[in-house]
Amino acid sequence: MEFDDPRMRPASGSVTAATDGPGGAGGGAAGPDGASRALPACVEEFLRARQARKHAPNTLAAYRRDLDALGALVAAQAGLEPRELPIDLVTGRALRQAFAVYAEPRSAASVGRAWSVWNQFFSFLVADAVVPGNPMGTVDRPRPPHRFPKPLRGTDTPERLLASSAAPPDRTRRRRPWPERDFAVVALLLCAGLRSSELLELTVGCLDGREGERYLKVRGKGGKERSIPVEPELDAVVAEYLASRRARSAGRSPGRADPLFIGHDGAAMGRGALQYLVGRAYQEAGVAGRVPQGALVHALRHTFATRLAEDGASAVEIMRLLGHASLTTSQNYIDATAREQRAAVRANRTHQALRALLAPPDAAGEGKGTGAAGEADEAPGPD
């Protein structure tokens, strides 16, 4: 076959010659009959190896979908069934064509994720001496879109949310209220910056340490663990919740391995219940209109990080507390804070009046400055 990428060319001879048998230079790319290993078999080996990293089942399922989808496109180009596609036909040229088709109906983020999976896959095959090189260097990947943080809007929104969550529940609106648990959930999300999955996976034993030096052990993305300091006030809120939990279970204390947050049935709280709890907390606090679209629970994590940046935390400190994989992600909160501060200053009514005074006559309108400033005075303030 013809190799379009020099890195994909064997050192000498053909692919079959270079991988002729288990003891050949290819280290197993060919079977006893000299035929190249099929792509599906390589995919299965890769996914089995990734299981040692303790990826979440959804992560491995996403890997499989991306590998299968692109593999099917490459196989179609070669006129083969995916199960029959030999790995040596998955060249840079074939992958470029497949990614072009794959990218058309999908977002840049989806294409970038698939590119990353295939790059990991070929790096694995190179390390295992199944293929002589990684062709993904010849396949373009989209620039990932810049994602801005989505904290709660309004300078007093976190305080209003906490105050409402701490208040006695409206029993006319709740059939089975559990105010201690709901307050602990909201406080922990706001004061520890947890992801939804991280909060739901907490056990009672994750809250550890001596009194006054308590910390929360959290398992984040990719199984990475981190410790988050728990201040005495937050510790007291969680302790009050656990006391109410014991009272509801006839004095039985939960074990360290039991889930930290449970439902009325005693089972671990699920994602749907968490979203409902947080959404109801927004409604009762009167701040539902201040929640960014698509960030119901995650807005609390972004609020935690944004306030860290506003109060002078460095990108390294934010990265450690939030469990970011990249310092760039943490820097986004510092950059966003600067933008928000400038936007707040620009929205100030005094600045609006100054802009009106300095505007050209045709732009300022009748009554230059006075009318514009007067309109600004009656405009609603920032949310």
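## A walk from a surface patch to the cores

Leu354, Leu357 and Leu358 make a nonpolar surface patch of about 320 Å². Patches here are built from residues with over 30% relative accessible area and no salt bridge, with like charges joined within 9 Å and nonpolar side chains (Val, Leu, Ile, Met, Phe, Trp, Tyr) within 5 Å. A salt bridge means a side-chain nitrogen of Lys or Arg within 4 Å of a carboxyl oxygen of Asp or Glu, and areas come from the Shrake-Rupley method with a 1.4 Å probe, only the protein chains shown counting as cover for residues. Leu354 sits in helix H14 (residues 349–358) and is partly exposed, at a relative accessible area of 45%.

Keep in mind that this is a predicted model, where local features need pLDDT of at least 70 and side-chain atom pairs count only at pLDDT 80 or more, while totals for chains, interfaces and linings use all residues. Residues are numbered from 1 along each chain as its sequence is written, and side-chain values use heavy atoms, leaving out hydrogens and water.

Zooming out, the chain has 16 helices and three strands, taken as DSSP runs numbered from the N terminus (helices H or I, at least four residues; strands E, at least two). Of its 383 residues, 40% are buried; buried means under 20% relative accessible area, exposed over 50%, and partly exposed in between (1.4 Å probe, protein chains only).

Now go inside. In soluble globular proteins, nonpolar side chains tend to be buried together. The largest nonpolar core has 44 residues, and Leu188, Leu194 and Leu216 touch the most other members. Such a core is a set of buried Ala, Val, Leu, Ile, Met, Phe, Trp, Tyr and Cys residues joined through side-chain atoms within 4.5 Å. Elements giving two or more residues to this core include helix H7 (179–192), strand E2 (215–219) and helix H11 (298–310); H7 gives the most, with nine residues. Beyond its neighbours within four places in sequence, Leu194 has contacts (heavy atoms within 4.5 Å) that include Leu188, Leu216, Val218 and Arg301. Another core, of 32 residues, lies apart, with Ala114, Trp115, Phe121 and Val130 among them.

Most residues other than glycine have a negative phi, and most peptide bonds are trans. Ala129 has a positive phi of about 60 degrees; this alanine lies in the loop between helix H5 (108–127) and helix H6 (157–166) and is partly exposed, at 28% relative accessible area. Ala250 also has a positive phi, about 55 degrees, in the loop between H9 and H10, and is exposed at 77%.
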